[in-house]
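Subject: Handover of a structure and its findings

Dear colleague,

Please find the structure below, together with its sequence. I would be grateful if you would read the notes that follow with the model open.

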Amino acid sequence: MPSSAYPIQLITGGSLTIKPDEKTNDLIAPTVMARILRDSPIGWGKERYISTLEKMAESFKSSASEIDEDREDRSDFYKRKEANARFLISMLKPILDSIPEKDGKGDVSLKDFCISVLGLVSQYARVSSELDGEAKLAIKERLEEIRGMTTKTLPFNDAIDQIDLVMRGIRIGHSGPAPGCLHISSYLNGGRSGREHTYVVGCDAQTFPGMIIQNPILLDEELQAIDRNLVISSEILKEKLYRIASLLSSLRGYLTLSFSSFDILENRESFPSSIILQVHRLISGNLNASYTDLMNVLKLPSGYIPPGMTLDISDFWITSFIGEHGLKQPDPSVFACYPGLSQGKKAREARETDRVTEYDGKLLEPAAELDPRENADLVMSASMLEKIATCPYAYFLNYILKVRPLEEVTLEEDTWLDAMQRGSLLHDLFNRFMREITGKGEKPSLKKHLPLIESTLEIVIKEYRDKIPPPSEAIFEQEKKILIKAAQVFLKTEEIRCKTCTPLFFEFPFGYKDAEAEFRDPVRIPLGAGKSFLFAGRIDRIDRIAEHEYAVLDYKTGSAYAYKDHLCFNKGKALQHALYAIAAETILKKIEKSGKGVVKESGYLFPTEKETGRLVIPDRDDKKLVELLNALFDIVRTGVFIPSDKEDSCKFCDYTELCVESVTENVERKFEQEKNREIDPFRKIKTYE
Ligand code: SF4
């Protein structure tokens, strides 16, 4: 979990009171604070918080000042964001500053750690009831106690565990035994009243005998130094088992041992403690009985709520709706009261039919302006077109409805860069390196340019590291090795390739704002019958292979699986090479002036260790491409944005949370129905290999 996730949990968990101004008593919504943290690329390490948040505040400030006067509302919006970011800095800074620094061994002072937690609890712990107040006081007292008594230093995570252990031991709102009350006591004090029935709860393996952690105030070593007869942590387990065995053997009457068989927080099964197994062995007389034998004799687990009884209104509705076999037939009045539920039910039922309905992405009134052949303002990119071919529904969500997943910086504990980040780092490297050597009139040479590509890589890596912190040095070094290898493979491949060609252009944009003035307009791609559409892109490489003859290349840093040599379009999922060939010809005609420039090769270069610098150049077939593009635009024109029927398409999709699990299954069924003619354009796409 990235370190920014902890404060997000703390803030959104409702445990803190966040007031930017004590006098006004105004509160800042936790979701606002969490959003700022979520959007920030803090990643790992407490030292990155303040500098990253300051950069964010500055960028909000400059966005506010860049907005025209007539967009005052937007300017206010950014000013508010800046104020919130600055408040977050002022709130987090003292907390972060108070966290003790690790010493050379990675240890921290437990006393300083207590002071840090004490400050956080004193200032921000939310008190909304008498019990909260009591809990806050107890926590503070316990922390004060440890602070006053300990001088220990210990590893950072152990310090957290120690404080956690102490906090878990705090009890509030309890009283002594009273008539009419259920009295619960520890097994250490129980069993002395001679009652006929004794119930021992909490006998799951996790709880009893449980984990053994050293006493935070007096560690084992210190205990031993005081008196060798004092109980140290390793003996506590034995002691616990001995104490419960003594208790159980002293009881008379009936004994019930129970354990929780399901952990609702972790959503997983839990298992009985060894103490229950021992009891079973004694009762059954089978001293070798195993856990399996024990589980076989136990009856079905029972809950604290008898079947049919409901505790509150939510329970009532859940039991009314859900039966043993899933959703029951609910009362129609429920749907009348909750139109959202009713709509959801309708959508689900429609998706489960054989027909293609509006719940499968079919527009009831498709608009001509969605069709790039009809709309002169609509500029398409290769990835947009490939998206229609992969999953029309994903295209509909992304480019028409503009539904975007929550932008969140997600960092993994065992990875520095994800595939996309690694790809863009390598693209940066290849472009910088090629620009530099071709600027000097040189061609790539492994012997001559290895130090240059490696030093360029160092610079690019540093820039990425500043933006995206690695979770650890070991992981960083491991990924760096992969990048160095990719740089070497690239250089080797280019040395061979450039013997027969001259690289000319690198990362050449057209149809975008950052393109050179002459190429800022999108390229018009003809589609026959007087039709055409506008196209924009960014070509990684244009090489001259002979007079007026060129090659267009796109660097791919992922797997070459979807780019098999014999596949020209891969069912419309690989269109970029074919489109860039046409676009590059238009561009080259402008550059060459002679108008003779033709693109003879257009394809993909895989300069990674795994793909060993493989080059995939599919055959060029403009006629087929035009047919395929028209079929794609027919999907858009008819407004049938059906989801993909192939699970593979969903693997790396941003909308998996939005599409239910059975989406591809449902669509497959609809595809099998010949009568569903409206999906013919999508069926047709699949014939273009
Ligand atoms: S999850 Fe699958 S079906 Fe849903 S939009 Fe993505 S690719 Fe399409």
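This is a predicted model: local features need pLDDT of at least 70, side-chain atom pairs count only at pLDDT 80 or more; totals for chains, interfaces and linings use all residues.

Residues are numbered from 1 along each chain as its sequence is written, and side-chain values use heavy atoms, with hydrogens and water left out.

Ligand site

The ligand is surrounded by Cys391, Tyr393, Ala394, Pro643, Ser649, Cys650, Cys653, Tyr655, Thr656, Cys659 and Val663; a residue is near a molecule if one of its heavy atoms lies within 4 Å of it. This shell comprises nine nonpolar residues, two polar and no charged ones. Here Ala, Val, Leu, Ile, Met, Phe, Trp, Tyr, Cys and Pro count as nonpolar, Asp, Glu, Lys and Arg as charged, and the others, Gly among them, as polar. At least two residues of the shell come from each of helix 16 (392-400) and helix 22 (647-650). Helices (H or I, at least four residues) and strands (E, at least two) are DSSP runs, numbered from the N terminus.

Seven bridges pair strand 10 with strand 13 (residues 537-546) in the antiparallel sense, and Phe505 has Ile542 in strand 13 as its bridge partner. Strand 14 and strand 15 (residues 598-606) run parallel and are joined by seven bridges; Tyr555 stands opposite Leu605 in strand 15. Strand 15 and strand 16 run antiparallel, with three bridges, and the bridge partner of Phe606 is Arg614 in strand 16.

Strand 9 and strand 12 (residues 531-535) run parallel and are joined by two bridges, with Val379 and Leu534 as bridge partners.

Helix pairs

The axes of helix 5 (residues 110-124) and helix 6 (residues 130-149) come within 9 Å and cross at roughly 160 degrees. Axes are lines fitted to C-alpha atoms, for helices over the stretch in contact (heavy atoms within 4.5 Å), and angles run from 0 to 180 degrees between N-to-C directions. Helix 5 is therefore roughly antiparallel to helix 6; angles under 35 degrees count as roughly parallel, over 145 as roughly antiparallel, 65 to 115 as roughly perpendicular and the rest as oblique. The crossing of helix 5 and helix 6 is left-handed, that is, the near helix is turned anticlockwise from the far one by less than a right angle, clockwise being right-handed. Their contact has nine nonpolar residues, one polar and five charged.

The axes of helix 18 (residues 446-467) and helix 19 (residues 473-497) come within 10 Å and cross at roughly 140 degrees, so these helices are oblique to each other. Their crossing is right-handed, and the contact of helix 18 with helix 19 has eleven nonpolar, two polar and seven charged residues.

Yours sincerely

Note on methods:
Two strands pair if DSSP finds at least two bridges between them.
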